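Here is a quick walk through one structure, written for someone meeting it now. Have a look at the sequence and the model, then read on.

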Amino acid sequence: MTTAIATTHAPSAAHLYNQGIQVGDLVFCSGQLPLTAESGVLVGKDDPRAQTRQVFANVAAVLAAAGSSLEHVVKATIFLTSMEDVAAVNAVYAETFAGIKPARSCIAVRALPHRDALVEIEVVATRAPGSE
Ligand SMILES: C=C(N)C(=O)O
C-alpha cells in the first residue's frame with residue numbers, strides 16, 4: 001500500500017508532490033530545501049552548514065511523520081549548487097549519520113527550486129521496527 005506522508009513540521013510541498021511516500025516498510029522523502037516549516041523562509045543564506053542543518057531537520061520531520069528517523073536512512077542523495085560547499089555539507093552530514101553511513105550520491109546541479117538554496121537532500125529510509 002502507498003501512503004502519502006504529510007506534516008506541518010516540514011515545508012509544504014505546495015500541492016505539487018508529497019513530502020514523503022511510504023510503501024510497505026520503505027519511506028521515500030522528497031528533496032528537502034533549507035526552508036522553515038512554518039513560513040517557508042530560507043535559513044542560512046550563503047551558509048552551507050546552516051542550510052544543511054535545516055535540510056536535515058526537515059528530512060527528520062518527514063521521516064518522523066512516517067514512523068521512521070534519520071537512524072533508518074539507507075540512501076541519501078545530495079544536490080549542491082557548488083561542489084565548493086561539499087566539505088561544509090559533509091561536516092554536518094557526518095554529525096547527522098554518526099553510525100552506519102547510508103549509501104549516498106552527491107551531485108552538483110545548476111540551480112535548486114529556491115534562488116538562495118545551496119543544498120537539497122532526499123532520502124530513502126526504512127520504518128522503525130514496531131511502527132504502525
Ligand atoms: C523541493 C522539491 N523537492 C521539489 O521542488 O521537487
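Lys45 pairs up with Asp116 in a salt bridge, with their closest N and O atoms 3.9 Å apart. (A salt bridge here is a side-chain nitrogen of Lys or Arg within 4 Å of a carboxyl oxygen of Asp or Glu.) Lys45 sits in the loop between β3 and α1 (48–65), while Asp116 sits in the loop between β5 (103–108) and β6, so the pair ties together parts that are 71 residues apart in sequence. Helices (H or I, at least four residues) and strands (E, at least two) are DSSP runs, numbered from the N terminus.

Before going further, a word on where this comes from. This is a predicted model in which local features need pLDDT of at least 70 and side-chain atom pairs count only at pLDDT 80 or more, while totals for chains, interfaces and linings use all residues. Residues are numbered from 1 along each chain as its sequence is written, and side-chain values use heavy atoms, with hydrogens and water left out. As for pLDDT, it is the predictor's confidence in each residue, from 0 to 100. The protein chain has a mean pLDDT of 96, and 99% of its residues reach 70 or more. For the complex, the predictor gives an ipTM of 0.89 and a pTM of 0.96.

Back to the charges. Side chains of opposite charge can pair when their charged atoms come close. How many salt bridges does a search of the whole structure find? The search turns up three, and here they are:

| Salt bridge | Closest N to O |
|---|---|
| Lys45 and Asp116 | 3.9 Å |
| Arg115 and Asp116 | 4.0 Å |

Lys45, Asp46, Arg115 and Asp116 are linked in a network of these bridges. Asp116, at 19%, counts as buried. The cut-offs are under 20% relative accessible area for buried, over 50% for exposed, and partly exposed in between (1.4 Å probe, protein chains only).

Asp46 has something else going on. Its place is in the loop between β3 and α1, and its phi is near 65 degrees, a positive value in a residue other than glycine. Most residues other than glycine have a negative phi, and most peptide bonds are trans. His15 also has a positive phi, near 60 degrees. His15 lies in the loop between β1 and β2 (20–23) and is exposed, with a relative accessible area of 84%.

Now for a charged residue without a partner. Glu120, in strand β6 (residues 119–126), is buried yet has no salt bridge. Which side chain of opposite charge is nearest to Glu120? That would be Lys75, 13 Å away. (For charge, Lys and Arg count as positive and Asp and Glu as negative; His and the chain ends are not counted.) Leaving out residues up to four places away in sequence, Glu120 touches several residues, including Gly31, Thr77, Phe79 and Pro113. Contact means heavy atoms within 4.5 Å.

Ile121 is buried, with a relative accessible area of 0%. Beyond residues up to four places away, Ile121 touches Ser30, Thr52, Val55 and Phe56, among others. The C-alpha atoms of Ile121 and Phe79 are 6.2 Å apart, though 42 residues separate the two in sequence.

Ser30 takes us over to strand β3. At 19% relative accessibility, Ser30 counts as buried. Apart from neighbours within four places in sequence, Ser30 is in contact with Tyr17, Asn18, Gln19, Gly20, Ile121 and Glu122.

Phe28 is also in strand β3 (residues 26–32), but Phe28 is partly exposed, at 36% relative accessible area. Together with Val23 and Leu26, Phe28 makes a nonpolar surface patch of about 220 Å². Patches are made of residues with over 30% relative accessible area and no salt bridge, with like charges joined within 9 Å and nonpolar side chains (Val, Leu, Ile, Met, Phe, Trp, Tyr) within 5 Å. Accessible areas come from the Shrake-Rupley method with a 1.4 Å probe; for residues, only the protein chains shown count as cover.

Last stop: Thr2, in strand β1 (residues 2–5). Thr2 is exposed, at 56% relative accessibility. Thr2 touches Ile21, Gln22 and Val23, not counting residues up to four places away in sequence. The C-alpha atoms of Thr2 and Gln22 are separated by 5.6 Å, with the two residues 20 apart along the chain.
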